[in-house]
Amino acid sequence: MSERTVNVFVLREASASALERIRAVAPGRINLTQAEERTALTAEQKKALAEAEVVAVGAGCPHDLGALAPRMQWVHANFAGITDLANRDFWGTGVTMTSARGYTGALPIAEMALTGGMMLSKNLDHAARETATRWKGREVFQPWLLSARTMGIVGLGGIGAHLARLAKGVGMRVVATRRSATERRENLDGVDVLYPASALVEMARESHFLAVCAASTPETEKLIDAEVLAALPKGAIVMNIARGEVIDEDALMAAVDSGQVGGAYLDVWVGEKEHDPDPRMANHPRIVMTPHISYRSDVPQQLGFNVFVANLAHYLNGEPMENLVEWERGY
Amino acid sequence: MPAENEMINVVVLRDVPQTDLDRIEAVAPGRIKATGIWRGVRAELAKTFPEEQLRRFERTTEPVPAPPAEETARVLAEAQVLYSGAVHPADLIRRMPKLRWAHFTMAGVSTIRPSEFWDSHVPVTSSRGHTAALPIAELAMAGGMALAKNIPTAVRQTGAQSFDPRAFMPKMISGKTLGVIGLGGIGMHLARIGKGLGMRVVGSKRSITQRGPGEDGVDELFPASELAEMLAQCDFIGVCTPLTAQTENLLDEAALAACKQGVIIMNIARGEIIHEPSLIAALASGHVGGAYMDVYSGEEDGQPPNPALLALPNVVLTPHIGFKSDVSHMFAMDLFRDNLRRFVAGEPLVNIIDWERGY
């Protein structure tokens, strides 16, 4: 490990213990400054940011971070869906970028996706809305036997892998697509069948649950379109905990209206940063939505910082870092 | 054992299709005669049971003519075996002088307490462990997960089209402790699913006398006498025990107080196992974080749920649908046919109700 001092700037909220863990990577040699995001920086903080070689940011990363931190060599986005940063001035430049993909709340997000699907398949949305009694209104309840069903995961990454394990644990059959898969393979990486991304429609044909866990990139925009939805078994349940843009919302609405899709749990929607969901979607009795909260947990998930801390050691040692962002791929 | 040439007459007091009667007769071809008598006693049942309750057990809403009363009386008088659902005339046993065995299709038999079959001399079997244990366990877990993840809030906000992220405080499921009260057929399925979700699973069982590690992945087993210690560890509690004199109000005010703050309770067994006024108070104070219930107090008697329970935002209630599933397993019929084979062969039956124990 080289003996030089490194200027590190954490531009987002961070607990004292997280900051301590960052300093502990190379005691005495990490010159650490921290500031809250979305608040005006003091003159001193601005000066520190201008000197920073390493910057960790949250989703509120300034648009001109590249200009504010001209000496920045490496920026770490402490969250997963980093396409949100594609309009920042450092995107696509020679700066090295890492993300917390697969680490931030991947487990709570996977749990939320599974819960959303199970809740709909057991008609608990109806139960939460209306009271039926043993003698009246019970016909509405047509719960599925989960252990006779197949979970289809679009994007077997960090969240997808957790979801696969949990769905298996409930007793389901699990199939998935992965961008890097080149051919259909059975019994691989915790799923019964792993398909290449190009075989999405084929996978959809056997998916009673379709869980969207793929990163939002130009390639995945409206990936879940009318063709994919039509391939699902009738009455299938769709869960989206990734980004609204990955689903063609008009196609989804049409499929839910026709009964082709039996229900949808959506933690995200198109343009969620700008506006509420399309009222047609939120109004539908078979759609349940949450305002992008699936990552939340009552147990602290500082796993994003784990990646940063591990990568900081790699950075100082000149070793390859994990979770490098490829500008072309978009994640 | 029935005599070699004896014809075994089975009376089926459920509205089943002919194919089910055929399946029963196929257990010992030529030796068994199965007759459905639901239509024959329906008018009589209508005097005691609400019409809606009777319709629940019927395959068609079309009126089906009843056979002559003398025919029904004759079939009952000749039968050695009865296959029945919960709904039956309380004095039926008196009209079946040749009866040697009665099977009920329910897992929990507290509903036959008012009937003369209770504590009778005739061996009575239940479908305990052979009904829809798996869908019931799945529903219990789905209900607990829905509450942990604030799904009722999601449903309300979606309906109102007013989204407020601050109202969501979802709890982790992985790493939490699930306590299963009653590790029987349903309880063991629930335990397995809990393990599959990354939970620590503890449980209680009537037959356990000493605390120790359990089987099939259960991390720790507690005797009934140490229930309070078990409850104190649990983030989720699944109530899967039959309703008996011992389990009525098992989760009373003191037991609920012993639970962890914010515990989520799932009850798919019988409402009366939980002292409902205490549960309502604990839910209102937040000591109990949520309750998913497929049953409630008085449900079996046809009473509506307590409005105070329905008014709570952290309660999800379903109308006793746990047994339902889109995949028909016919577990109860499978058990009955196995027992019928044993009956014909003169072997001991399984699932005979122990009247003292109450299940």
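Predicted model: local features only at pLDDT ≥ 70, side-chain atom pairs only at ≥ 80, totals over all residues.

Analyst: Residues are numbered from 1 along each chain as its sequence is written, while chains are lettered from A in the order in which they are written.

User: What is the mean pLDDT of chain B, and how many of its residues reach 70 or more?

Analyst: pLDDT is the predictor's confidence in each residue, from 0 to 100. For chain B the mean is 91, and 98% of the residues reach 70 or more. The model as a whole scores ipTM 0.76 and pTM 0.74.

User: Why does the radius of gyration of chain B agree with that of a compact globule?

Analyst: The radius is taken over C-alpha atoms, and the globule rule is 2.2 Å times the number of residues to the power 0.38. For 359 residues a compact globule would have a value near 21 Å; chain B has 22 Å, so the two agree.

User: What makes up the contact between the chains?

Analyst: Two residues are in contact if their C-beta atoms, placed from the backbone, lie within 7 Å. Chain A gives 49 residues and chain B gives 49 residues. On the side of chain A, α4(A) supplies the largest share, seven residues; helices here are DSSP runs of H or I with at least four residues, strands are runs of E with at least two, and both are numbered from the N terminus.

User: What makes a set of residues a nonpolar core?

Analyst: Such a core consists of buried Ala, Val, Leu, Ile, Met, Phe, Trp, Tyr and Cys residues joined through C-beta atoms within 7 Å. Buried means that 20 or more other C-beta atoms lie within 10 Å of the residue's own, with C-beta atoms placed from the backbone. The largest core has 177 residues, and I153(A) and I237(B) are among those with the most contacts inside it. Helix α5 (residues 133-148) of chain B contributes its largest share, 12 residues.

User: Why are β2 and β5 of chain B said to stand at the edges?

Analyst: Strands pair if DSSP finds at least two bridges between them. The open sheet of chain B runs β2-β1-β3-β4-β5, with parallel pairing. β2 (32-36) and β5 (124-125) of chain B each have a single partner strand, so one side of each lacks a neighbour in the sheet.

User: How do you know that β1 and β3 of chain B pair?

Analyst: Four bridges join these parallel strands, and at least two are required. In one of them, V12(B) has Y83(B) as its partner.

How values were computed. Buried ≥ 20, exposed ≤ 12 C-beta atoms within 10 Å, placed from the backbone.
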